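I opened my notebook to look up salt bridges. Here is the structure I worked from.

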Amino acid sequence: MRHHFLRIAIILILLPVSCKERKQQPVAMTTDATPKKPNVIVILTDDQGYKDVGFNGSTDIPTPNLDRIAQNGMVFTNGYVSYAVCGPSRAGLITGRYQDRFGFSRNPLFAPKDSLQGLPLSEETMADVLKKADYRTMAIGKWHLGAHPTQRPLKRGFDEFFGFLTGGHRYFPEEWTLADISEVKAHNQAYRTKLLKNEQRIEEQEYLTDALSREAVDFVSRHAERPFFLYLAYNAPHTPLQATQKYLDRFPNLEGKRKTYAAMVSAVDDGVGLLLNKIEELGISDNTMVFFLSDNGGPERSNASDNGLLREGKGSFYEGGIRVPFAVQWPSVIPKGVKYEYPIISLDIFATAAAQAGASPKNNIDGVDLIPYLTGENDQRPHQRLFWRNYNDNAVVLREGDIKLVRDKKGNSGLYDVKADMGETNALNDDETFNRLMQAHTKWNQANTDPIFMGLKQNNEYNQLNPDRFTNGEKY
C-alpha cells in the first residue's frame with residue numbers, strides 16, 4: 001500500500017512539469033516538435049536598374065524598405081538572372097532551371113489560344129513543388145508565362161492569383177477599358193484589360209502598384225498560421241511610365257522620365273514596406289525568407305533606369321542586362337548586413353526554397369540551395385560556372401570564377417575580369433582560356449533545346465500564320 005501511495009505522489013509531482021513544458025513550446029515549432037517550414041516571399045520588379053536601390057548606391061531614389069531587406073539579411077553584389085529580358089528570366093526563376101532546357105528562349109507573345117506560347121507543362125513551378133510540402137501559394141502581378149488556360153497561375157501550382165497575364169500593363173484603372181480577352185485585337189492592347197482575380201475579371205480602383213501591394217498584405221494576413229509562398233511580381237518600373245501625383249511629388253528635383261521612373265520605384269518601395277511591416281506585426285518575420293530582385297537589367301534609354309558602372313542594359317548579356325539588384329533576408333538563419341560577393345543566380349531561389357521546405361522537384365534543377373553558403377557552413381563558391389545564351393542572336397556567355405566569356409549579337413568576342421572590371425571595358429588577351437570556356441559552353445548547350453514558340457520579334461509572322469489569334473479569345 002505504501003508503494004501505491006508513493007507512485008501516486010510521483011505522478012502528481014511530475015504532472016505540472018509536463019504541462020508547463022507543453023505551454024512553453026516555441027511558436028516556430030509544429031505539433032510534432034519539428035521546425036516549422038519557412039514562409040517564402042519572392043518580390044520581383046520589372047526592368048529596374050542595378051543602381052536604382054539604396055543598397056547599391058542610389059543617390060536620387062530613396063528605397064528605405066528595399067534597403068531593409070538588405071540590412072536584415074544579405075546583398076548579392078554578383079546576383080544574376082538567367083536571361084536579359086522578362087519572359088525567359090521569369091521562366092528560369094519559377095522553375096529553377098535554365099529556361100533553354102525546355103525551349104523558353106524568347107519573350108512569349110500574348111496568344112491566349114496557343115498552348116505552346118508559354119511555360120511547357122513538362123515543367124514544375126516553385127508553387128507546384130512547395131504545394132507538395134503543404135504550402136499555400138499565391139501569384140500577384142505580372143505573369144508572362146502563358147495566357148492559354150492550361151498555363152495560367154491556377155493551373156501551375158498557385159492557389160490564388162491577382163494580376164494580369166500579359167508582358168506588361170497600364171497602371172491607371174481608367175485605362176483598363178477592355179472587359180476581357182475577347183476585346184483584344186493586337187498584342188499591346190492586352191495592356192488595357194481588366195485585372196484578374198483568380199479567373200474572374202474585376203473592377204479595380206487603385207493605382208496598379210498599390211493594388212498589388214494591398215493584395216500581398218492581405219494574403220499573408222490570411223495565411224500566417226501555415227507555410228505560404230508569395231510570388232509578388234510587380235510590373236513597375238516597366239513602361240509605360242505612369243505614376244500618381246503622390247509619388248511624383250516626392251521627387252521635385254527630378255525631371256522627365258527619370259522623375260516618373262523614380263516615382264514608380266518609390267511606389268514599389270512603399271508596398272514592400274507594408275508587406276515587411278505586416279510579417280513583423282504577425283510575428284512571422286524571423287521564419288520568412290524574403291527575396292528581392294529585378295527580372296533583368298534596366299533599359300536605360302526607354303525608362304531612364306540606371307545600371308551604374310555596368311555595361312549596357314536590358315536585352316544585352318553584358319553585365320548591365322543580367323546582373324541585377326538582389327537581396328535576401330531570413331532573420332533567424334541568415335547573417336544581417338552582409339555583402340555576399342560570390343556569383344549566384346535567380347535559379348537558386350527555387351532550389352533554396354525547395355530544400356528548406358523539404359520538397360523534392362521532379363526535374364533536375366540548375367539552382368543550388370544557398371543557405372549553407374550564406375551561413376558559412378560552406379565557404380566555397382555556390383557555382384563554379386554560370387551560363388547564358390541568346391538563341392536568336394547566337395550569343396554565348398559564361399562566367400567562371402571572376403572571368404566572363406562574351407560573344408555578343410554582333411559577333412564580338414572577349415574575356416573580362418568582372419571583379420576588377422565590372423564595366424567590361426578591357427578585354428583580356430588569353431586565347432587558351434577563351435577556347436576552353438567556349439568548349440565548356442558548347443558542352444552545356446548540348447542539353448538545351450531550340451525555342452518552342454515564336455517570340456515578340458516574330459509578332460507579324462505569327463499573326464500571318466495564326467489569323468484567328470484573338471478571335472473569341474476569352475473562351476480559350
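My entries on the salt bridges follow.

Entry one. I noted that the model is predicted. I searched the whole structure and got 34 salt bridges. I then looked at some pairs.

Entry two. Which residue forms a salt bridge with Glu123? I found Arg97, with the closest N and O atoms 2.7 Å apart. Is Glu123 buried or exposed? Glu123 has a relative accessible area of 5%, so I wrote down buried. Arg97 is buried too, at 13%.

I turned to Arg214, which forms a salt bridge with Glu204. Their closest N and O atoms are 2.7 Å apart. Arg214 sits in helix H5 (residues 208-222), and Glu204 is in the loop between strand E7 (200-201) and H5. They are 10 residues apart. Glu204 is buried, with a relative accessible area of 9%. Arg214 is partly exposed, at 30%.

I checked Asp270 and Arg250, whose side chains meet in a salt bridge at 2.7 Å, N to O. Asp270 lies in helix H7 (residues 256-281). Arg250 lies in the loop between helix H6 (245-248) and H7, and the two are 20 residues apart. Asp270 is partly exposed, with a relative accessible area of 23%. Arg250 is also partly exposed, at 36%.

Which residues do shared partners join into one network? I listed Lys131, Arg136, Asp159, Glu160, Asp218 and Arg222.

Methods. Residues are numbered from 1 along each chain as its sequence is written. This is a predicted model: local features need pLDDT of at least 70, side-chain atom pairs count only at pLDDT 80 or more; totals for chains, interfaces and linings use all residues. Side-chain values use heavy atoms; hydrogens and water are left out. A salt bridge is a side-chain nitrogen of Lys or Arg within 4 Å of a carboxyl oxygen of Asp or Glu. Buried means under 20% relative accessible area, exposed over 50%, partly exposed in between (1.4 Å probe, protein chains only). Helices (H or I, at least four residues) and strands (E, at least two) are DSSP runs, numbered from the N terminus.
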